[in-house]
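Notebook open, structure on screen. I want to go through a few residues, then the rings, then the strands and the core.

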Amino acid sequence: MRLWTVQPYCIFQEMQKKGVYRCNPKKSELIQEWDGFVSAYDWISKQMRKKIGNPPKGVEYPVWAWYLYEGKNKRPDMRRSDVRVNEKSVLWEVEIPDNEVLLTDEEYWHCVLNDYLYHKANKENISIEQWEIEANKEDKYYNSLSPEEKTQYKEKSWENIICSTNSNSSYVQATFWELKASQIRKAWILKK
């Protein structure tokens, strides 16, 4: 599976020395600076264990990449503001075996990040008015649940963000446990 990942330049240097990159939570800006992201990363890691297997020893969180960008399996446009480049970085085109990757809908990933319910109506091709009716019904049911039942229901709803390679989503992100130097096909050095 062809993917693209953007990493700080220090990761490029680490890859040259070690030949492998694994997420270091102590150096991850999103894990360290955004408290709510830890539970979202825990959830995605749990899903990865279920779908693609356990991580290598010592690995807790995934490496992130793009699978679809603007609806195509193509290199992201690094000039766009929604692509995260805050410092000198590297963009890698990589090839990861399909069975080592979990794909998720980037838009609906925000349900997990923000601890929101993924509504069943999101899966349907319906009008906004009909979506609101269906979502309100589901919210009413959801609000009738006990706190424990709410958590279970909500986390089960998030499983709907998991995609396949034939997703209709415009933006599909990929997670995998590690990146090996042998999996890198092309590299671009990016300057802020």
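**Entry 1: two loop residues**

I started with isoleucine 96, which I found in the loop between strand E4 (89-95) and strand E5 (102-105). A reminder to myself: this is a predicted model.

Is isoleucine 96 buried or exposed? It is buried, because its relative accessible area is 1% and the cut-off for buried is under 20%. I then looked up what it touches, skipping neighbours within four places in sequence: isoleucine 96 is in contact with Met1, Leu3, Val101, Phe176, Leu179 and Gln183. I also checked the distance to isoleucine 44, which is 52 residues apart from isoleucine 96 in sequence and 18 Å apart in space, C-alpha to C-alpha.

Next I picked proline 56, in the loop between helix H3 (37-52) and strand E3 (63-68). Its relative accessible area is 22%, so I noted proline 56 as partly exposed. Outside the four places on either side in sequence, proline 56 has contacts with Arg22, Trp177 and Glu178.

**Entry 2: rings**

How many aromatic pairs does a search of the whole structure find? I got twelve. I looked at tryptophan 43 and tryptophan 158: ring centres 5.7 Å apart and planes at 90°, so this pair is edge-to-face. Tryptophan 43 sits in helix H3 and tryptophan 158 in helix H6 (residues 147-158), so the pair ties together parts that are 115 residues apart in sequence. Both partners came up buried: tryptophan 43 has a relative accessible area of 5%, and tryptophan 158 is at 4%.

I then went to tyrosine 69 and tyrosine 171, another edge-to-face pair, with 5.3 Å centre to centre and 90° between the planes. Here the partners come from loops: tyrosine 69 from the one between E3 and E4, tyrosine 171 from the one between strand E6 (162-163) and strand E7 (172-176), so parts 102 residues apart in sequence are tied together. Tyrosine 69 is buried at 0% relative accessible area, whereas tyrosine 171 is partly exposed at 22%.

I also wrote down one aromatic cluster, formed by Tyr41, Tyr61, Trp64 and Trp109.

Then I checked for charges over rings. Arginine 75 has its charged end over the ring of tryptophan 188, 4.7 Å from the ring centre. Lysine 88 has its charged end over the ring of tyrosine 9, at 4.2 Å from the centre.

**Entry 3: strand E4**

Back to E4, to see what surrounds it. Why do I call E4 largely enclosed by the rest of the structure? Because six of its seven residues are buried.

Which strands pair with E4? Strand E1 (residues 2-8) pairs with E4 in the antiparallel sense over seven bridges. Strand E9 (residues 184-190) is also antiparallel to E4, over six bridges. I looked up a bridge partner on each side: tryptophan 4 has glutamate 93 of E4 as its partner, and leucine 91 stands opposite tryptophan 188 in E9.

**Entry 4: the core**

The largest nonpolar core has 42 residues, and those touching the most other members are Leu3, Trp92, Val101, Leu103, Trp109, Phe176 and Leu179. Helix H1 (9-18), H3, E3, E4, E5, helix H4 (109-113) and E7 each put in at least two residues. H3 gives the most, with seven.

I followed up tryptophan 92.

**Entry 5: helix H1**

Last stop, H1. Which of its residues are buried? I found Ile11, Phe12, Glu14 and Met15. Looking down the axis of H1, these buried residues fall within an arc of 160°, so they line one face of the helix. Gln16 and Lys17 are exposed on the other side of H1. The cover over the buried residues of H1 includes E1, strand E2 (20-21), E4, strand E8 (179-180) and E9. Just past the end of H1, I noted that glycine 19 takes a positive phi of about 80°.

Methods. Residues numbered from 1 in each chain as written. Predicted model: local features only at pLDDT ≥ 70, side-chain atom pairs only at ≥ 80, totals over all residues. Heavy atoms only, no water. Helix = DSSP H or I, 4+ residues; strand = E, 2+ residues; numbered from the N terminus. Buried < 20%, exposed > 50% of the residue type's maximum accessible area, 1.4 Å probe, protein only. Contact = heavy atoms within 4.5 Å. Phe/Tyr/Trp six-rings, centres within 6.5 Å; stacked < 30°, edge-to-face > 60°. Lys NZ or Arg CZ within 6 Å of the ring centre and 35° of its normal. Pairing = 2+ DSSP bridges. Core = buried A, V, L, I, M, F, W, Y, C linked by side-chain atoms within 4.5 Å. Arc of directions from axis to C-beta.
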